[in-house]
Amino acid sequence: MEPIKQVAAAVRWNFLGFSKNPRVIITFLFSFILCFFLSGRAMMVADYYDSPLQALEPFIWTFGDAASILLCSLLLILLFLDLPKLSPFTPYLLLRMNKRRWLLAQFFYIFLVTALYMAYVVLATSLLCMQKTYVGNIWSKTAALLAYSKMGKDLSIPSTVKVMESTSPFSCSMQIMALLVCYALTLTFLMLWFQMKIGKKAAIGAGLCYSLYGFLLSPDTLAKILGKEEYEMFLVRRICGWISPLNHATYGMHDFGYDVLPSIGQSCMVFLGILLVLAALSFHTLKKYNFSSFTGE
């Protein structure tokens, strides 16, 4: 029980002043503004058909494509600029626990903040569209209309007949949120390792490069770069679906019974593998990490 208490104490210390941190406030404010602009598609469709939406459908439609996920995750770079959390209290923590437990506390802190951030995104998206939403866990008439028309595909909305037949809005939103959290964790753990290995500027560069890598490996972008024709998009889509972390986080880039793409479970396993590698690298780097400065600068 003593190791658990030590890790929990370090996590609580990391959260001290969290709600009053100007960087945290700005990040959540920008996130709300981002949700306001991105959820416009959901409201546009609802106004066009003059029909209500299920409460979670705005979130499902907003973060069902790679571009929205990329924009949402980029704000995490600002949120985690101070990783690992260093302060004048850090020497005392390191005297009471070993370095591995201290780093484990950083991992738990990243997970909790990321989950909180994604839950905030779900809440903000739902509240922005609440005038036309209902709570029941049943797909709306608007979703059905999108599934049986080309408008859903044109607007990058993951509303298809296959999805509606196989899952409910609540289940679909939970899967999308799980993918978002997994992608965000790989991004922030990568930043943590580069911060410990090289420094803050390298961590920011690593986060941006990780995001750029996912953007360049979107099927449409890669097809334009390689000059692929429409009939070759199936192969491009399959390759990108497996090798791009951003596509693993995109709900519409998964196998629903007719594509040779990763399933939701397989994508989660891919993210878990990346996280384990980054955790191992972080623990290895921790042995040589310089704790001589505790100002957090």
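Questions about a predicted chain

Modeller: In this predicted model, buried residues make up 51% of the 297 residues in the chain.

Biologist: How many helices and strands are there in the chain?

Modeller: The model is predicted, and its elements are numbered from the N terminus. The chain holds two strands, and its helices number 16.

Biologist: What share of the contacts with a separation of 6 or more comes from residues 24 or more positions apart?

Modeller: A contact here needs heavy atoms within 4.5 Å. Among contacts with a separation of 6 or more, residues 24 or more positions apart account for 78%.

Biologist: Which residues make the nonpolar surface patch of about 600 Å²?

Modeller: One member, Phe-36, has its place in helix H2, which covers residues 22-38. The patch is made by Phe-36 together with Ile-26, Leu-29, Phe-30, Ile-33 and Phe-37.

Biologist: Is Ser-244 buried or exposed?

Modeller: Ser-244 lies in the loop between helix H14 (233-243) and helix H15 (245-248). Leaving out residues up to four places away in sequence, Ser-244 touches Tyr-213, Gly-214 and Leu-217. The cut-off for buried is under 20% relative accessible area. Because its relative accessibility is 0%, Ser-244 counts as buried.

Biologist: And Ser-218, is that residue buried or exposed?

Modeller: Ser-218 sits in the loop between H12 and helix H13 (219-226). Its relative accessible area is 12%, and the cut-off for buried is under 20%. Ser-218 is therefore buried.

Biologist: Which residues is Ser-218 in contact with, leaving aside neighbours within four places in sequence?

Modeller: Contact asks for heavy atoms within 4.5 Å. With the sequence neighbours set aside, the partners of Ser-218 are Cys-240 and Asn-247.

Biologist: What separates the C-alpha atoms of Ser-218 and Ala-67?

Modeller: Along the chain, Ser-218 and Ala-67 are 151 residues apart.

Biologist: What is the volume of the largest cavity?

Modeller: A search of the whole structure finds one cavity of 30 Å³ or more. The largest cavity has a volume of about 50 Å³.

Biologist: Which elements give two or more residues to the lining of the largest cavity?

Modeller: The lining of the largest cavity includes Phe-80, Leu-81, Met-191, Gln-195, Lys-200 and Ile-204. The elements that give two or more residues to this lining are helix H11 (169-197) and helix H12 (200-216).

Notes: Residues are numbered from 1 along each chain as its sequence is written. This is a predicted model: local features need pLDDT of at least 70, side-chain atom pairs count only at pLDDT 80 or more; totals for chains, interfaces and linings use all residues. Side-chain values use heavy atoms; hydrogens and water are left out. Helices (H or I, at least four residues) and strands (E, at least two) are DSSP runs, numbered from the N terminus. Buried means under 20% relative accessible area, exposed over 50%, partly exposed in between (1.4 Å probe, protein chains only). Patches are made of residues with over 30% relative accessible area and no salt bridge: like charges are joined within 9 Å, nonpolar side chains (Val, Leu, Ile, Met, Phe, Trp, Tyr) within 5 Å. Accessible areas come from the Shrake-Rupley method with a 1.4 Å probe; for residues, only the protein chains shown count as cover. A salt bridge is a side-chain nitrogen of Lys or Arg within 4 Å of a carboxyl oxygen of Asp or Glu. On a 1 Å grid over the protein atoms alone, a cavity is a set of points where a 1.4 Å probe fits but cannot get out, and a pocket is an open set with protein on both sides within 12 Å along at least five of seven lines; lining residues have an atom within 4 Å of a point. Grid points are joined across faces, edges and corners, and a volume is the space filled by probe spheres set on the points.
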